[in-house]
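Welcome, and thanks for taking a look at this one with me. Below are a few notes on its charged side chains, meant to be read alongside the model.

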Amino acid sequence: MPNAMFRELFKRHPHNPLLTVDDWPYPCNSVFNAGATKFEDDYLILVRVEDHRGFSHLTAARSHDGITDWKIDSQPTMLPEPEEHPEEIWGIEDPRITRIEGSDFWAIAYTAFSRGGPLVSLATTRNFKTFDRLGPVMPPDDKDAALFPVRFDGRWAMLHRPVGTGWMGAHIWISFSPDLKHWGDHKIVLKAREGGWWDANKIGLSPPPLETPEGWLILYHGVKDTPAGCIYRLGLALLDRDNPTKVLRRGDQWVFSPKVPYERDGDVDDVVFPCGWILEGDMVRIYYGGADSCIALATASLKDILDYLRQFSGGDYNGA
Ligand code: BMA
């Protein structure tokens with residue numbers, strides 16, 4: 001693909017980084033990788049906060065415009081509960097919030113850092129103050145999970161990323177459940193590519209799937225291993241609206257990558273890591289962690305995203 005045809009679809013907001021540890025009302029090491037939703041009249045982000053032991057918890061921040069004047073909960077909003085939930089012994093991380101269509105609750109898929117490794121846990125909330133835990137739904141190693149907001153033939157669906165051994169790579173899987181608790185019919189939906197690709201060997205879902213007229217829009221991260229360390233970049237795919245196990249399109253090129261100092265330099269360098277996005281009209285906002293050290297915002301037009309996918313899907317969807 002000639003370079004002249006390359007463009008990163010998402011534009012960074014001039015107020016970036018929106019939030020850093022300096023904005024936090026209590027001591028912590030870093031704030032990053034926030035889930036996002038609209039709640040009452042506010043934008044609400046549920047931020048991963050890492051303490052000085054290295055363990056993470058989640059804290060809510062609210063803002064009328066989603067950019068400035070954040071009201072951050074003065075204490076952690078959702079702390080790990082290792083006594084009742086031993087899988088949360090080393091913290092809870094990277095929440096993906098899904099507003100369940102036609103209901104008054106949100107489902108939060110998050111990583112619980114257990115003694116056996118990271119696993120997927122689910123909780124629901126109606127108010128972002130109290131959370132009902134459903135407990136672990138996928139065993140380790142598994143993370144980068146989010147629920148679809150609707151059911152398919154009466155069943156819930158979840159995307160997640162178990163890790164295979166050695167050369168098998170880490171791919172995005174889909175699983176189904178009758179009750180949010182028991183999951184089955186597991187299937188790979190998007191495979192990491194191979195060789196020199198930006199998304200070779202290891203990919204993972206970023207924010208939850210977003211419903212569009214053309215299908216479920218997927219923003220995922222590809223982890224490129226280089227001699228200088230990993231680079232986390234973002235790419236796009238589209239799944240069939242009625243049958244989300246079917247990939248309709250997958251972009252060849254990444255659409256966003258670490259470029260500016262708050263993405264290139266932090267606790268983990270060269271990382272852009274969105275856990276939430278919000279669609280309003282034609283505007284998609286992604287809230288992303290930069291270098292595991294801050295929260296930033298980037299925007300793109302949904303029309304441009306869908307045009308891009310129409311134009312730049314190679315057809316080699318699963319990198320086989
Ligand atoms: C991934 C996740 C993210 C993190 C990223 C870069 O495996 O754990 O939480 O931002 O690594 O460190």
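1. Please keep in mind that the model is predicted. Over the whole structure, a search finds 22 salt bridges, and the points below walk through some of them.

2. Arginine 155 and aspartate 185 form a salt bridge, with 2.7 Å between the closest N and O atoms. Arginine 155 sits in the loop between strand S11 (142-147) and strand S12 (156-162), while aspartate 185 belongs to strand S14 (residues 184-190), so the pair ties together parts 30 residues apart in sequence. With a relative accessibility of 31%, arginine 155 counts as partly exposed.

3. Next, have a look at arginine 193, whose salt bridge partner is aspartate 252; here the closest N and O atoms are 3.4 Å apart. This pair links distant parts of the chain, 59 residues apart: arginine 193 is in the loop between S14 and strand S15 (203-205), and aspartate 252 is in the loop between strand S19 (247-250) and helix H1 (261-264). Is arginine 193 buried or exposed? Its relative accessibility is 1%, so arginine 193 counts as buried.

4. Finally, aspartate 270 meets arginine 264 in a salt bridge, at 2.7 Å from N to O. The two partners fall into separate classes: aspartate 270 counts as buried at 14% relative accessibility, whereas arginine 264, at 42%, counts as partly exposed.

Notes. Residues numbered from 1 in each chain as written. Predicted model: local features only at pLDDT ≥ 70, side-chain atom pairs only at ≥ 80, totals over all residues. Heavy atoms only, no water. Salt bridge = Lys/Arg side-chain N within 4 Å of Asp/Glu carboxyl O. Helix = DSSP H or I, 4+ residues; strand = E, 2+ residues; numbered from the N terminus. Buried < 20%, exposed > 50% of the residue type's maximum accessible area, 1.4 Å probe, protein only.
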